[in-house]
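The sequence and the model are shown first.

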Amino acid sequence: MAVLILTEIELTDLWVSTLIAQLKKRNPDIDWRVWPECGKLEDIEIVLAWYPPPGVMQQFSNLKLIISLGAGVYHILRDPNLQAQVPIVRLIDDRLTLQMAQYVTLAVLLFQQRFFEYQKIQKLRLWESLPVAEARCFTVGILGLGVFGSTVAKKLAAIGFPVRGWSRNPKQIEGVECFYGYEQFELFLSQCQAIVCVLPVTSETKEILSNETFSALPQGAYLINVGRGQHLVEADLLNALDSGQIAGACLDVFNTEPLPHDHPFWSHPRIMVTPHIAAEGQPDNFADLILETLFLYKTGQPLKYLVDRNQGY
C-alpha cells in the first residue's frame, strides 16, 4: 500500500517535515511517498492531501481513499475532475475542537472586555476605565453547528454568554438558541453582539460574510472568522469597520495565505490577524489520526468523518 503525501507546501516547512518524519517512524512498513516523487502512479492507493494541485489525483488509477490534512475539504473538492467514487475523510479529534473553542473564547472575551480599546489607552498612558457589557448581555452567534461550532457554542454558554447558533439544518443544543436555513438567517443575526464563523466552504456559504450580513447585525458588533478566508468579502468588512457597523474583527483565515505583506488587514487598528492557528494541531496528533484512519481502512472498518460531496463537508 503506497500512501502519497500531496501538498504544495515546501517540505522544509517545519510542521510538514515533522509530520512526515512521525509517520515514517511510527509505521515504516507503509510505502510513504512525498509529492512530487510519486514513483509508479498505479501503486498509489491513498493520498494525504492539503491543497493538492488540480488534476494530479486523476493520474492515480488505483486511488481508493483521500484523507484531508485538515478539517476542511474545499481545497480538495475545488478540483472539477476529482474521481467521484473515491471516498474523502476529514481529520478531526477532541484536541483540535478544544483548541478551536479556546481560541474563540479568548477572542470573544477580548472584545467583550474591550481590550482593543485598553491597548490604545495604554499607549496614551491614561488611567481610565471603560464601561463593559456583562457576559449575560453579550450575545454571541455561531455560524455553523458541526463538530467545531457546537463545541464552541457549548463552551461559551458554559461561561455565561447567551449563545445563538445557525446551521443549514435544524439542530438542538442545550443552552443554545438554534436557528436554521436562510429564511431564519437575519433573525439569527439581529441580536448578536459578536458572530463567529465556523462554517465549511460550500457554494452556499462562500462570501457569506458580506455587507448583507453585516448590516443585519446590531451596530458595533464584532466578527471572528475561523472558518475559511473564502467566507469573507474583504472589501465589505473594511467598509463596515469604517462606518462603525462592525466595531472590530479577529481573523485567522484569509483568501490568500500567507497574508500578503501589503494587505490592509495588517495595519488596520480594529483588526486582529493570526496566521491560521485557531485549530492548527500538532504533527504528532495528526500522525495519530492518520494512522488510525489507515488502520480502519486496511481492516475494513467504518471510516470516521466521511465527507458528503453534495453538502461539501
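A residue is called buried when its relative accessible area is under 20%, exposed when the value is over 50%, and partly exposed in between. E204, at 42% relative accessibility, therefore counts as partly exposed. The model is a predicted one.

**Overall fold**

The chain's secondary structure consists of nine helices and twelve strands. Its radius of gyration is 21 Å, close to the 20 Å given by the globule rule for 313 residues, so the chain is as compact as a globular protein of that length. The C-alpha trace spans about 65 × 45 × 30 Å along its principal axes. Of the 313 residues, 50% are buried. Among contacts with a separation of 6 or more, 62% are between residues 24 or more positions apart.

**Salt bridges**

Side chains of opposite charge can pair when their charged atoms come close. The structure holds ten salt bridges, including those in the table.

| Salt bridge | Closest N and O atoms |
|---|---|
| D288 with R95 | 3.8 Å |
| R168 with E204 | 3.9 Å |
| K304 with E292 | 2.7 Å |

D288 forms a salt bridge with R95. D288 lies in helix α9 (residues 283-298) and R95 in helix α3 (residues 94-112), so this pair ties together parts that are 193 residues apart in sequence. D288 has 32% relative accessibility and counts as partly exposed; R95, with a relative accessible area of 40%, is also partly exposed.

R168 forms a salt bridge with E204. This pair links distant parts of the chain, with R168 in the loop between β7 (163-167) and β8 (176-180) and E204 in the loop between β9 (194-197) and α7 (211-215), 36 residues apart. R168 is partly exposed at 38% relative accessibility, and E204 is partly exposed at 42%.

K304 forms a salt bridge with E292. K304 sits in the segment after α9 and E292 in helix α9, twelve residues apart, and the pair links distant parts of the chain. Both partners are partly exposed: K304 has a relative accessibility of 47% and E292 one of 32%.

Rolling a probe the size of a water molecule over the atoms shows where empty space is left. The structure holds one cavity of 30 Å³ or more. The volume of the largest cavity is about 90 Å³. Which residues line the largest cavity? The lining is made up of V89, R90, L91, I92, L289, E292, T293, L296, L303, K304 and Y305. Helix α9 supplies the largest share of this lining, with four residues. By class, the lining has seven nonpolar, one polar and three charged residues. E292 and K304, both in the lining, are also salt-bridge partners of each other.

**The loop between β9 and α7**

The loop between β9 and α7 holds T202 as well as E204. Is T202 buried or exposed? With a relative accessibility of 14%, T202 counts as buried. Leaving aside its neighbours within four places in sequence, T202 is in contact with Q311, G312 and Y313.

Methods:
Residues numbered from 1 in each chain as written. Predicted model: local features only at pLDDT ≥ 70, side-chain atom pairs only at ≥ 80, totals over all residues. Heavy atoms only, no water. Salt bridge = Lys/Arg side-chain N within 4 Å of Asp/Glu carboxyl O. Helix = DSSP H or I, 4+ residues; strand = E, 2+ residues; numbered from the N terminus. Buried < 20%, exposed > 50% of the residue type's maximum accessible area, 1.4 Å probe, protein only. 1 Å grid on protein atoms, 1.4 Å probe; cavity = no way out; pocket = protein on both sides within 12 Å on 5 of 7 lines; lining within 4 Å. Points joined across faces, edges and corners; volume = space filled by probe spheres on them. Nonpolar A, V, L, I, M, F, W, Y, C, P; charged D, E, K, R; others polar. Contact = heavy atoms within 4.5 Å. Rg over C-alpha atoms; globule rule 2.2 N^0.38 Å.
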